[in-house]
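Please look over the sequence and the model before reading on.

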Amino acid sequence: MWLRLRGRRAFYTLTCWAKTDCGTGRRLPEKEEECVQKEAKTQFPIEMSLGQRWSPRAFSDRSVEPEKLLSLFEAARWAPSCFNEQPWSFLVVTKEDAAAYERLLHCLVAANRRWAVAAPVLMLSVTQLHFARNNKPNRYAFHDVGLAVGTLLVQASAMGLYLHQMAGFDRERARTVFEIPETHDPVAAMALGYLGDPEQLPEDLRQRELEPRKRKALSAFVYGGGWEQPSRIPRIPPGLV
Ligand SMILES: Cc1cc2nc3c(=O)[nH]c(=O)nc-3n(C[C@H](O)[C@H](O)[C@H](O)COP(=O)(O)O)c2cc1C
């Protein structure tokens, strides 16, 4: 694989000239593909598929293979949940189903619709608000749907797919359009696909696509024996960002 570093973007943009994804060794659909490298710069080692996940706005027009979609939901299916209630549901539409795709696309706020329109798959996560076992409110319903999406995300990353989640959509419109009952809440919209070329984005979005990723330091959210007390796990670097 040859890598070509390009000017200002050299730090995180690589152009691959072989049938492998930049840095990951994954097979690419075309002979030449541009991709943005935004792998997490971790302070401690993590699983490769976690480190390689990020939320792009530039998607390739390559369709997602049905068997990969099935693997994604198989991964979500095996997520843990409170009382094993599995309160999640997913509405999944592909560009092949143009009418349904348009319906979900038009639930997104305009700022998200701008780029999500390139994604070959759009999804909506939904959660059941009460336990099926006793009809009491399930205060873990949102936690559990997030966990299911978390496992789906890792599976997507392992298969070379990228997912961008969105709070920016019209919940009531989604409820009406997809006839979601009052017993359930729409949670997050998602765009799924293979990485595209950031050059396809308008300038403002291209800038954001190429921005380095930022995270809080471990010490900012891992506490010890009291609230905001430093953790005693050895080697958590205090205040290191
Ligand atoms: C629940 C949730 C809602 C989000 N909503 C939006 C959104 O409406 N529009 C958007 O562009 N990104 C959205 N994001 C993406 C985040 O901005 C992104 O995950 C965060 O900046 C970290 O970047 P990374 O995923 O590339 O690590 C959302 C992410 C999550 C988990």
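Where is the place of Glu 179? In this predicted model, Glu 179 belongs to the loop between helix H6 (171–177) and strand S7 (184–193).

**Positive phi values**

Most residues other than glycine have a negative phi. Glu 179 is not a glycine, yet its phi is positive, about 55 degrees. Glu 179 has 6 other C-beta atoms within 10 Å, and a residue with 12 or fewer counts as exposed, so Glu 179 is exposed.

Gln 86 also has a positive phi, near 50 degrees, and is a residue other than glycine. Gln 86 sits in the loop between H2 and strand S4 (88–94). Around Gln 86 there are 18 other C-beta atoms within 10 Å.

**A residue after H7**

Lys 214 is located in the segment after helix H7 (203–210). Lys 214 has 7 C-beta neighbours inside 10 Å and therefore counts as exposed. The C-alpha atom of Lys 214 is separated by 9.2 Å from that of Lys 41, although the two residues are 173 residues apart along the chain.

The C-beta counts of these residues are set out below.

| Residue | C-beta atoms within 10 Å | Class |
|---|---|---|
| Glu 179 | 6 | exposed |
| Lys 214 | 7 | exposed |

**Packing of H2 and H5**

Two packed helices are described by the angle between their axes and the distance between the axes. Helix H2 (residues 66–77) packs with helix H5 (residues 141–158) at an angle of about 140 degrees, and the axes are 7 Å apart. That angle makes H2 oblique to H5, and H2 passes H5 in a right-handed crossing.

Which residues in H2 and H5 meet? From H2 come Ser 71, Leu 72, Ala 75 and Ala 76, and from H5 come Ala 148, Thr 151, Leu 152, Gln 155 and Ala 156. By class, the residues of this contact of H2 with H5 are six nonpolar, three polar and no charged.

**The ligand shell**

Which residues are around the ligand? They are Trp 54, Ser 55, Asn 112, Gln 165, Met 166, Ala 167, Gly 168, Ala 188 and Arg 213. The shell around the ligand divides into four nonpolar, four polar and one charged residues.

Notes:
Residues numbered from 1 in each chain as written. Predicted model: local features only at pLDDT ≥ 70, side-chain atom pairs only at ≥ 80, totals over all residues. Axes fitted to C-alpha atoms, helices over the stretch in contact; angles between N-to-C directions. Helix = DSSP H or I, 4+ residues; strand = E, 2+ residues; numbered from the N terminus. Parallel < 35°, antiparallel > 145°, perpendicular 65-115°, else oblique. Left-handed = near helix turned anticlockwise from the far one by under 90°. Contact = placed C-beta atoms within 7 Å. Nonpolar A, V, L, I, M, F, W, Y, C, P; charged D, E, K, R; others polar. Near = placed C-beta within 6 Å. Buried ≥ 20, exposed ≤ 12 C-beta atoms within 10 Å, placed from the backbone.
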